[in-house]
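Work through the exercises below with the sequence and the model in view. Each task is followed by a solution in steps.

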Amino acid sequence: MKQYKHSVSLDLEKCKGCTNCLKRCPTEAIRIRDGHAVINSDVCIDCGECIRRCPYQAKKANFDHFEDIDDKRYRIALPAPSFYGQFVDLDDVDYVLQGLLDIGFDDVFEVARAAEIITEYTRRYMREENIGYPVINSACPAVVRLITLRFPYLCDHVIPMMPPIELAGKIAREEALKKHPELKPEDVAVVFISPCPAKASYVKNGFLGEKSHVDYVVSMSDIYFKLISVMKKNVAPKAVSQSGMIGMSWASTGGEASALFNDKYLAADGIENVIHVLDEIETGHFPMLQFVELNACPGGCVGGVATVENPYIARVRLQALRRYLPVSQNRLEKDDSEGYPEEILFPKDLEYRPVGKFDEDLTTAMQKMSEIEGLAASLPALDCGSCGAPTCRAFAEDVVLGGRSIDECIVYMRERIQTLVKCPGEE
Amino acid sequence: MAEALRFHYEVDGDNFTSAGAASVEVKRKLRQLGFDAELIRRVSIAMYEGEINMVVHARGGSADVYVDKDCVTIILADRGPGIPDIDLAMQEGYSTAPDNIRALGFGAGMGLPNMKRYTDEMKIETVLKQGTTVTMKVYINHTKQTEKGTSEEGK
């Protein structure tokens with residue numbers, strides 16, 4: 001199996017080896033070893049929760065830098081809808097798009113436009129027969145990766161359709177090549193302005209193994225600070241936004257789902273809530289649901305760790321920005337009322353890739369499980385994290401499967417020392 | 001041959017929001033043991049339905065899950081009112097769930113039928129006013145084919 005490439009890394013100097021990220025990692029991917037955090041890349045889903053939790057800014061999201069992208073290439077900016085919610089007193093998205101051109105991008109393609117197209121295709125998909133309800137959105141790469149690692153039965157509930165970032169990259173490149181026939185495909189650099197590290201990982205790992213149409217992923221906060229110095233209110237922008245209400249509403253949880261005009265939906269955000277909902281769906285808990293929108297970040301993409309503004313403020317700003325916009329500015333052709341092009345579908349099925357299997361052989365796996373159960377029962381159940389594992393149960397697994405020493409449990413050690421000290425006195 | 005693994009859970013009848021927690025835990029363990037997706041799903045749905053039944057009708061009970069090389073056995077025991085007519089209770093759509101439970105989306109009369117559908121064997125022992133014990137078995141190697149897609153049809 002190819003190693004999954006990540007976008008969350010650690011600054012060893014800054015990491016104190018505390019238990020903040022350890023305790024909050026939703027997939028228990030973190031351990032503290034030799035005084036600092038270590039991330040297990042097989043299990044990490046790039047949700048960014050550890051970045052959010054670290055009090056010492058030791059966790060970092062890794063993005064490309066705008067300056068490093070060859071300026072001889074035709075650079076196209078792909079702003080995520082959440083980007084528009086970052087600016088104070090913005091009353092027209094055109095200023096943001098103009099700003100992107102002013103800092104050196106050659107062109108802009110709004111991801112919100114692709115989101116409107118995906119919304120229409122999703123409506124068509126939802127009308128088809130024999131689809132497994134509930135349909136789960138494919139937009140959040142952290143959620144999609146989580147499903148492939150932990151929810152075998154839900155893999156084929158994920159809508160097998162490109163997320164807006166991918167479709168935006170594809171159309172942006174095609175349009176650029178049409179507009180500038182002198183360009184070769186490799187002259188074009190498609191640059192996504194991202195609210196989160198999960199999108200950066202998505203691009204690095206490709207669209208289900210195929211190379212992504214996006215070439216670079218830069219951080220939203222990075223571009224934000226470049227932009228505010230060039231955005232001038234007194235100069236009328238030449239750039240014209242082509243996104244409507246629907247596209248912009250994808251930035252917050254519920255935007256994608258409510259645009260489907262189907263009330264049998266659930267929209268949840270925050271990675272712990274997402275896991276809870278997926279567990280419930282897998283057990284058949286919500287038979288009435290037809291669509292499920294899940295976003296790893298609190299509030300949706302506006303809550304990404306690479307954003308600048310508070311997600312709840314950004315949400316309201318986006319509401320104001322889209323108030324007088326058409327519902328959608330990217331309607332599909334009328335006569336093409338059914339179906340969707342093959343090229344926007346997943347190139348292959350979403351595959352369940354179980355992690356954490358104890359052993360290939362069932363009998364051995366059962367023996368290990370039995371040992372772990374026994375050991376876990378003898379541990380203090382404090383889940384204190386001092387041993388470097390997030391819970392006593394996880395520590396028991398580390399001891400049995402990973403060869404860690406039981407002596408790393410300080411409660412266990414204290415008891416042992418006490419018995420050693422007591423023994424001679426009692427005699 | 002290794003002994004069967006046993007997992008024991010108390011299902012809290014006073015806490016409706018935690019109903020289903022034991023089946024999520026069992027699902028996790030079966031995943032770690034390396035079982036295939038279909039088996040995990042059958043066990044977790046059957047157990048989930050049983051857990052909900054215990055919470056709704058019997059104010060909780062206990063769940064014991066045994067895993068050996070051949071099969072997963074789920075034993076759900078409660079000290080509830082018992083089932084007066086098992087055949088009737090097994091009918092799809094028959095439910096004695098109170099209105100407040102139905103308001104939460106439960107009580108569609110699919111609990112016991114789904115438990116039977118997703119397991120290879122199911123045995124119900126019940127004594128009125130004393131309690132009910134449901135024993136379910138899912139065999140590991142010959143997977144019963146359950147129709148995909150129909151599983152979500154309500155409970």
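**Exercise 1: two helices**

Helix H13 (residues 362-378) of chain A packs against helix H14 (residues 392-402) of chain A at an angle of about 135°, with the axes 9 Å apart. Classify this packing.

Step 1. The angle makes H13(A) oblique to H14(A), because angles under 35 degrees count as roughly parallel, over 145 as roughly antiparallel, 65 to 115 as roughly perpendicular and the rest as oblique.

Step 2. The crossing of H13(A) and H14(A) is right-handed.

**Basis of the values**

This is a predicted model, in which local features need pLDDT of at least 70 and side-chain atom pairs count only at pLDDT 80 or more, while totals for chains, interfaces and linings use all residues. Residues are numbered from 1 along each chain as its sequence is written, chains are lettered from A and ligands numbered from 1 in the order in which they are written, and side-chain values use heavy atoms, without hydrogens and water.

**Exercise 2: a strand and its surroundings**

Find which residues of E5(A) are buried on each side, and which strands E5(A) is joined to.

Step 1. In strand E5 (residues 74-79) of chain A, six of six residues are buried (under 20% relative accessible area, 1.4 Å probe, protein chains only).

Step 2. Tyr74(A), Ile76(A) and Leu78(A) lie on one side, and Arg75(A), Ala77(A) and Pro79(A) on the other. In a regular strand the side chains alternate between the two faces of the sheet.

Step 3. Six bridges join E5(A) to the parallel strand E8 (residues 188-194) of chain A; Arg75(A) has Ala189(A) as its bridge partner there. Two bridges join E5(A) to strand E6 (residues 107-108) of chain A, also parallel.

How values were computed. Buried means under 20% relative accessible area, exposed over 50%, partly exposed in between (1.4 Å probe, protein chains only). Helices (H or I, at least four residues) and strands (E, at least two) are DSSP runs, numbered from the N terminus. Two strands pair if DSSP finds at least two bridges between them. Axes are lines fitted to C-alpha atoms, for helices over the stretch in contact, and angles run from 0 to 180 degrees between N-to-C directions. A crossing is left-handed if the near helix is turned anticlockwise from the far one by less than a right angle, and right-handed if clockwise.
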